[in-house]
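Here's a quick tour of a structure, with a few helices and some confidence scores to look at. Have a look at it first, then read on.

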Amino acid sequence: MEVVPFDRSSPLSRPRVQTDNSAVDFASLMSRIERPLRQALVAKYGIDLGLDATANALGWAWEHRDELHLFNNPIGYLYRVGQSSLRPQLAWRQRRQLNFPLERSSGSDAFAAVDLGQVVARLNEKQRICVLLVHAHGWTYREVAELLGIKSEAVTNHVHRGTARLRKLLKEG
């Protein structure tokens, strides 16, 4: 197996693998995919369901480890596997309460009385995912677009509209 170098600064970057039917280094692939996958699923579903979806997606990846290297965008595929794994749970929850636990500041700053996690949970799903991945986790717009399967211009719109809505919600606060 020959591995072509890649940019390690990007959470979604991965080497292009030229394989001759040899085993793919699953642990190496998972070390690059697990964290951004978890960040994206937690941004979408909150901490409890997001971690469940991540575990389900990684379990699927292990079961299909010999095929995973064939996908052009393995993290995007696993993101959708995680989403699909939650369908039975979400069917039982008409109104789900997202859980974004944050530490409370003990100081006297202006936002001490605001539960930022609940304010973020009030954004629509695409805005919340894009805002959290870009601003909280440092993903590029291109990386978020690749994960979600949308254009980077759409990510730009979701981020800008989401941050504008956050400002408005925090002022109402």
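Which residue follows H1, and is its phi positive or negative? That residue is Gly46, with a positive phi near 90°. Keep in mind that the model is a predicted one.

Now for H1 itself. The helix covers residues 26-45 and bends by about 35° at Ile33. There's a proline as well: Pro36 comes within four residues after the bend. Most of H1 is covered, with 14 of its 20 residues buried.

On the H8 side, the contact is made by Tyr141, Arg142, Val144 and Ala145. H9 meets them with Ser152, Val155, Thr156, Val159 and His160. Sorted by class, this contact has five nonpolar residues, three polar ones and one charged one.

How far can you trust the coordinates? The protein chain has an average pLDDT of 81, and 72% of the residues score at least 70.

| Stretch | pLDDT | Contacts in the model beyond near neighbours in sequence |
|---|---|---|
| Residues 1-8 | below 50 | 21 contacts |
| Residues 15-24 | below 50 | 18 contacts |

Key. Residues are numbered from 1 along each chain as its sequence is written. This is a predicted model: local features need pLDDT of at least 70, side-chain atom pairs count only at pLDDT 80 or more; totals for chains, interfaces and linings use all residues. Side-chain values use heavy atoms; hydrogens and water are left out. Contact means heavy atoms within 4.5 Å. Helices (H or I, at least four residues) and strands (E, at least two) are DSSP runs, numbered from the N terminus. Ala, Val, Leu, Ile, Met, Phe, Trp, Tyr, Cys and Pro count as nonpolar, Asp, Glu, Lys and Arg as charged, and the others, Gly among them, as polar. The bend at a residue is the angle between axes fitted to the seven residues ending there and the seven starting there. Buried means under 20% relative accessible area, exposed over 50%, partly exposed in between (1.4 Å probe, protein chains only). pLDDT is the predictor's confidence in each residue, from 0 to 100.
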